[in-house]
Structure formats: C-alpha cells, structure tokens
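Here's a quick tour for anyone opening this structure for the first time. Take a look, and then we'll walk through it.

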Amino acid sequence: MNALEIKKLFPILNQEVNGHPLVYLDSAATSQKPISVLETLQKYYEMDNSNVHRGVHTLGTRATDAYEGAREKVARFINAKSTQEIIFTRGTTTAINLVAGSYARQVCKPGDEIVITQMEHHSNLIPWQQAAKATGATLKYIPLQPDGSILLEDAEATITENTKVVAMTYVSNVLGVVNPIKEIAEIAHRKGAKISIDGAQSTPHKKVDVQDLDCDFYALSAHKMCGPTGIGALYGKKELLDNMDPIEFGGEMIDFVDLYESTWKELPWKFEGGTPIIAGAVGLGAAIDFLQEIGLDEIEVHEKKLTAYALDKMKQIDDIEIYGPLENRAGLITFNLGDVHPHDVATVLDSEGVAVRAGHHCCQPLMRWLNASATARASFYLYNTEEDADRLVEALVKTKEYFGHEIG
Amino acid sequence: MKLDDLYRRVIMDHYKNPRNRGELNDGSVTVHLNNPTCGDRISLQMEIGNGIVNDAKFTGEGCSISLASASMMTAAIKGKKFDEALKMADDFSNLMKGETPEFEYEDIEALSGVNKFPARIKCATLAWNAMRKGIEEGQEK
C-alpha cells in the first residue's frame with residue numbers, strides 16, 4: 001500500500017496548520033475520515049434518511065436496509081457468527097458499560113471476582129469498579145511487567161475459579177502493548193470466567209476474528225477506524241446476550257407493551273432502545289469497506305514499519321523517555337522529552353504543524369504506574385508516512401532547542 | 001501563532017524558579033484542584049486571617065504555563081484583602097479573554113499571550129481557580 005496515495009483520500013489532511021502542512025499523529029484519539037465515508041454520510045442524508053423498522057414507505061425501507069446492511073458488514077468484519085451478535089452502541093465506552101451494567105451485575109455476587117489490568121483506559125476500568133461495588137465482587141488486577149506487558153503466568157495466577165469476568169484491552173492506547181487475548185481467553189474459560197475485550201485500539205489496525213480469539217464480548221468504536229463519531233458496536237456470544245437484560249428501555253427495543261409489563265424484541269434489537277444511530281452505522285459500514293479494500297494486514301504491516309522507523313529516530317534524541325515495549329508494539333509511541341512538560345511539547349509541535357496528544361490519555365492509574373503525571377503520544381495510521389515521522393522528530397529536536405534556550 | 005508570545009522569558013523564569021513553592025506549616029486553608037482533562041494538579045495553601053491572605057504556597061505538577069501562573073498568583077496575592085485577591089482573579093479571567101487589565105504584580109501580564117493558545121487557557125487558570133475556591137472556603141469559616 002502507498003500511504004502517500006491514501007493520504008490524498010482524506011480531505012482534512014490536505015491543509016496547513018500554523019503555516020506548515022498538517023502532520024496528524026493523533027489517530028489513537030480519533031482517526032480522520034476518507035472521502036468515501038463522508039460521501040456515504042452525505043448521500044444517506046440526501047437520499048435515504050428515514051427512521052428504521054417503522055415506516056412502510058420506500059425511504060423507511062432504504063434506511064432500514066442500509067442500517068441492517070451495516071450490521072452485516074460489522075459481523076463479517078470481525079467474523080461474528082451472525083448479525084444477532086452485533087449490537088450498535090454509541091461507541092466502545094457504551095458497549096463496555098452494557099456488558100458491565102447488564103452481564104456482570106447479573107452474574108456477580110459477593111466473593112466473586114472481576115479481573116482487569118492496570119493498563120486499561122478509564123472506560124474499561126470504571127464500569128468494572130462500579131459493577132464490583134454494586135455486586136460485592138472483588139476487583140483484581142493482573143500485574144504489569146516493567147515494559148507494561150502482562151505475563152500469561154500472572155494471568156493464570158490472578159484469574160481463579162471465583163472469577164466471573166476478565167476484561168482487558170487488546171491494544172494499550174498508551175503503551176502500545178498487544179495483549180495475548182487468545183491465550184488469556186483460554187485461561188479464563190478453563191476457570192469458568194467470561195472474557196470481555198476492549199477493541200478500541202485494535203480493530204482499526206489489525207484483522208480481528210472474534211471466533212478465533214474466542215472472546216465472549218468485544219467492543220469497538222467507528223471513529224478510530226475512519227468512521228464517524230457516535231457509533232460503535234458490541235459483539236457478544238448469542239447465548240450470553242440472549243440471557244442478558246437490556247439496560248436502556250424505550251421505543252424500538254420492545255415486543256409488547258402493557259400498562260404494567262413489557263417484553264423485549266429479539267436480538268440484537270432488545271439492546272437498541274430509541275431511534276438508533278442510523279447514519280453513523282451507515283458511515284461505519286463505509287469505513288469497513290474502505291479498510292477492507294486496502295486490507296487490514298497491509299495496514300498492520302505499514303504501521304509496524306513506520307513505528308519501527310520513528311522509534312529508531314526518536315531513540316536518538318537526548319533525554320527522551322519512551323514508554324512501553326520495544327518489540328511487538330502497536331503503531332503508537334508514548335514518550336516524555338526530558339523535563340519539558342508534555343503540554344509544552346504538544347504546543348511547540350503544534351506550532352510546527354504536528355498534532356500529538358498530551359495528557360494522561362484517560363489512564364490515570366497507568367500514569368501513576370509509569371510515575372508520570374502526563375505523557376505525550378504520537379500515533380500512526382494508514383495515511384501516515386515516513387516523512388510525517390521525520391517531521392515529528394525534527395519538531396521534537398526544535399522543542400528541545402527551544403526549551404533549552406528559553407530556560408537556560 | 002508565535003511561540004515567543006506564549007513562552008515569554010518572565011514565564012520561563014517563574015517556571016524554572018517558582019516563587020512560593022512548598023507547603024505552609026499552619027496553612028489555614030488548603031485547596032486541591034486538578035485538571036481532569038490533562039492531569040495537572042495543584043495543592044494551594046493559604047494562611048488567612050481578618051479577611052487578608054497573609055501567606056500562600058503551592059505544590060503540584062503541571063506544564064510551564066500552569067506552574068508559572070501558580071508562582072505569579074501566589075506572589076501577587078500575599079498581603080492582599082480577599083476582595084482584592086478576588087478582583088485579581090476576575091482580571092486574570094479577562095486577561096485570558098484577550099482584554100488588557102493591569103496588574104500591580106506586572107509579571108502576570110506576560111501570560112496575556114496564552115489567550116492566543118486556547119488549548120492552554122485551562123492550564124493558566126488552574127491556580128487562580130484554586131485561590132478563588134480557597135477564599136470562598138475561608139470566608140465561610
């Protein structure tokens with residue numbers, strides 16, 4: 001694949017910021033959107049917009065077909081057995097909250113355990129904290145190695161016969177760690193627990209097969225994978241979803257409503273109360289088409305090469321501290337530049353047209369583990385090039401010069 | 001957007017050599033504030049009595065702008081009456097909106113450039129919000 005050609009498909013990347021061509025290195029926060037996704041959204045609103053599963057009229061049918069067609073695309077994309085296993089949500093956060101709010105609260109009781117890791121994003125940590133508090137279950141953490149990765153033997157020791165749910169991210173949004181999900185799913189199942197995967201940072205960048213991973217739940221967000229904001233999906237094994245209660249009630253999700261009792265629709269609609277995010281789902285479908293046309297394996301190889309290239313150059317900068325493992329890492333690099341606070345780094349980089357994230361990345365417990373109040377992060381995607389990495393490194397050198405000079 | 005508008009020498013001096021960094025032994029008011037979006041933290045202690053801020057010190061973590069602002073704020077409010085300190089906080093808010101209020105402690109005016117960097121305004125205002133909160137708590141006592 002040719003990243004330079006791909007970049008041209010993203011109108012937003014063709015602009016100057018602060019007098020420099022934009023180098024967007026914040027795709028782990030949200031990715032940019034290709035023209036095909038933007039046109040799909042525009043066309044949906046111009047031609048097909050209508051509510052779904054209600055109208056008898058033609059637009060209603062078109063909107064329903066587009067919405068349910070998007071569900072089929074998601075199901076095929078992650079290799080779910082059927083569309084009944086795909087629930088549209090507002091994003092990864094809402095998807096995880098559904099598992100923690102419905103499944104975990106139904107199955108956990110005092111003495112049970114929920115097992116997570118300290119590398120989790122707040123959205124895969126707080127829902128479990130709350131579920132543990134509500135049910136009297138104990139929240140346990142699989143410890144991290146010095147490079148931020150986890151060992152299978154630690155997973156084996158932390159997950160016990162009392163564990164009901166194991167929840168962890170596939171790819172860390174700070175460390176770039178890629179967790180051995182398939183192996184941990186095997187451990188969890190052997191001990192009678194279910195495993196819920198935060199796929200926010202993995203789905204955009206690598207081929208995901210939920211049946212091969214044998215995960216019980218898998219959450220994803222469209223906006224990190226070239227799709228619109230406000231839409232994501234929860235995959236869940238049908239037999240689990242069938243036995244779960246909805247946590248949102250309203251139109252769309254009901255079968256029969258009486259004055260004092262109601263019944264729910266079948267899967268997946270029983271979890272989709274209210275008018276769904278129709279255009280968002282259609283946009284997600286277009287994003288999946290776009291990614292599949294390029295090929296997830298190609299994207300992963302490109303990012304690996306680019307990250308290795310950038311790491312090599314960044315390591316040569318004096319006083320830089322790079323977090324996370326050097327091998328087997330995803331396409332993002334979290335770092336600190338000597339004493340210069342990451343906000344200051346990000347501001348100087350921005351003045352050079354280079355967009356990076358600075359802060360705690362919604363991972364306060366992980367920041368404490370790293371002993372850093374904040375970090376800077378450059379994250380790569382399919383439209384980033386070696387030239388982008390060069391521009392980052394040049395801007396970092398300038399940052400050092402600027403602060404060295406100003407402070408000294 | 002010029003970096004030198006943001007990082008003026010006087011700001012870098014306060015960042016590198018913060019005034020009033022530390023803890024008071026008998027701080028009568030302690031305020032912890034953080035900026036949940038970026039992780040900046042300040043712990044401000046003020047010794048107050050008879051409606052006057054007698055002393056102020058801070059500890060915390062943050063970028064150059066937030067630490068320099070805390071340094072300047074503590075230097076500026078020492079010996080000030082509550083209403084004078086609160087007026088200064090109002091003036092500081094206006095400074096962040098692009099207005100040009102004057103400050104008796106002139107170093108503060110160097111932070112006017114932050115206005116051109118909207119993402120950094122919350123860094124600059126953290127210490128001032130802490131002071132406002134501390135005085136409100138002090139007034140209730």
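## Where the chains meet

Let's start at the contact, where chain A puts in 19 residues and chain B puts in 23. Keep in mind that this is a predicted model. Between them, chain A and chain B bury about 1700 Å², with 54% of it on carbon and sulfur atoms.

## What crosses the interface

One salt bridge turns up across the interface of chain A and chain B. Its partners are Arg120(B) and Asp344(A), whose closest N and O atoms sit 2.7 Å apart.

On the side of chain A that touches chain B, α12 (342-351) and α14 (386-407) each supply at least two residues. α12(A) gives the most, with six residues. Sorted by class, that side of chain A has five nonpolar, ten polar and four charged residues.

## Rings that pair up

Over all chains, the structure holds eleven aromatic pairs. Take Tyr44(A) and Tyr45(A): their ring centres are 5.3 Å apart and their planes sit at 65°, so this pair is edge-to-face. Tyr44(A) counts as buried at 3% relative accessibility, while Tyr45(A), at 54%, counts as exposed.

In chain B, the rings of Phe92(B) and Trp128(B) have centres 4.5 Å apart and planes at 10°, so they're stacked. Phe92(B) lies in helix α4 (residues 82-96) and Trp128(B) in helix α5 (residues 121-140), so the pair ties together parts 36 residues apart in sequence. Both Phe92(B) and Trp128(B) are buried.

Back in chain A, ring pairs link Phe10(A), Phe290(A), Tyr381(A) and Tyr383(A) into a cluster.

Technical notes. Residues numbered from 1 in each chain as written. Chains lettered and ligands numbered in written order. Predicted model: local features only at pLDDT ≥ 70, side-chain atom pairs only at ≥ 80, totals over all residues. Heavy atoms only, no water. Contact = heavy atoms within 4.5 Å. Buried area = accessible area lost by both parts, 1.4 Å probe. Salt bridge = Lys/Arg side-chain N within 4 Å of Asp/Glu carboxyl O. Helix = DSSP H or I, 4+ residues; strand = E, 2+ residues; numbered from the N terminus. Nonpolar A, V, L, I, M, F, W, Y, C, P; charged D, E, K, R; others polar. Phe/Tyr/Trp six-rings, centres within 6.5 Å; stacked < 30°, edge-to-face > 60°. Buried < 20%, exposed > 50% of the residue type's maximum accessible area, 1.4 Å probe, protein only.
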